[in-house]
Amino acid sequence: KEDVQFISLALQRNFVFANALSDDDNIRKREMKQVVDAFESYTVAQPGEVILNHASTGDHFYILHEGSVRYYSSYKSSSQPGKIGSGK
């Protein structure tokens with residue numbers, strides 16, 4: 001229940017979803033429930049894990065529940081296994 005409320009609030013604050021749903025309140029609630037129900041939980045296994053990169057097709061929508069992420073507009077991976085690369 002807590003996750004449903006968290007996701008719903010995050011979507012309501014997102015400009016994409018704020019204007020994409022119906023103006024009719026009953027329809028809007030049903031649409032929002034369908035979107036929220038489609039979400040799946042994903043836990044990052046370890047610090048430095050890449051969850052999205054520029055070469056991937058954007059087929060997921062992420063909402064950060066806790067912690068932090070780093071975004072790099074350019075990124076060079078490390079040649080050493082298990083070591084995070086560098087970026088700007």
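User: Is Leu-52 buried or exposed, and what is its relative accessible area?

Analyst: Leu-52 is exposed, because its relative accessible area is 53% and exposed means over 50%, with buried under 20% and partly exposed in between (1.4 Å probe, protein chains only). A word on the source: this is a predicted model, in which local features need pLDDT of at least 70 and side-chain atom pairs count only at pLDDT 80 or more, while totals for chains, interfaces and linings use all residues. Residues are numbered from 1 along each chain as its sequence is written, and side-chain values use heavy atoms, with hydrogens and water left out.

Leu-52 sits in the loop between helix 3 (25-38) and strand 1 (75-76); helices (H or I, at least four residues) and strands (E, at least two) are DSSP runs, numbered from the N terminus. Together with Tyr-42, Val-44, Ile-51, Tyr-62, Leu-64 and Val-69, Leu-52 makes a nonpolar surface patch of about 650 Å². Such patches take residues with over 30% relative accessible area and no salt bridge, joining nonpolar side chains (Val, Leu, Ile, Met, Phe, Trp, Tyr) within 5 Å and like charges within 9 Å. Areas come from the Shrake-Rupley method with a 1.4 Å probe; for residues, only the protein chains shown count as cover.

Now to helix 3 itself. Two salt bridges are found in the whole structure, each a side-chain nitrogen of Lys or Arg within 4 Å of a carboxyl oxygen of Asp or Glu. One pairs Lys-29 with Asp-25, their closest N and O atoms 3.5 Å apart; the other joins Lys-33 to Asp-37 at 2.6 Å, N to O. Lys-29 and Asp-25 are four residues apart in helix 3, about one turn of the helix, and Lys-33 and Asp-37 are also four residues apart in helix 3. Lys-29 is exposed at 53%, whereas Asp-25 is partly exposed at 45%. Lys-33 is exposed at 52%, and Asp-37 is partly exposed at 47%.

Asn-14 counts as buried because its relative accessibility is 17%. Its side chain reaches the backbone nitrogen of Val-16 at 2.8 Å.

Stepping back, the chain has three helices and two strands, in the order α-α-α-β-β from the N terminus. Of its 88 residues, 10% count as buried.

Technical notes: Polar contact = N/O pair within 3.5 Å; in protein donor to acceptor, adjacent residues only side chain to side chain.
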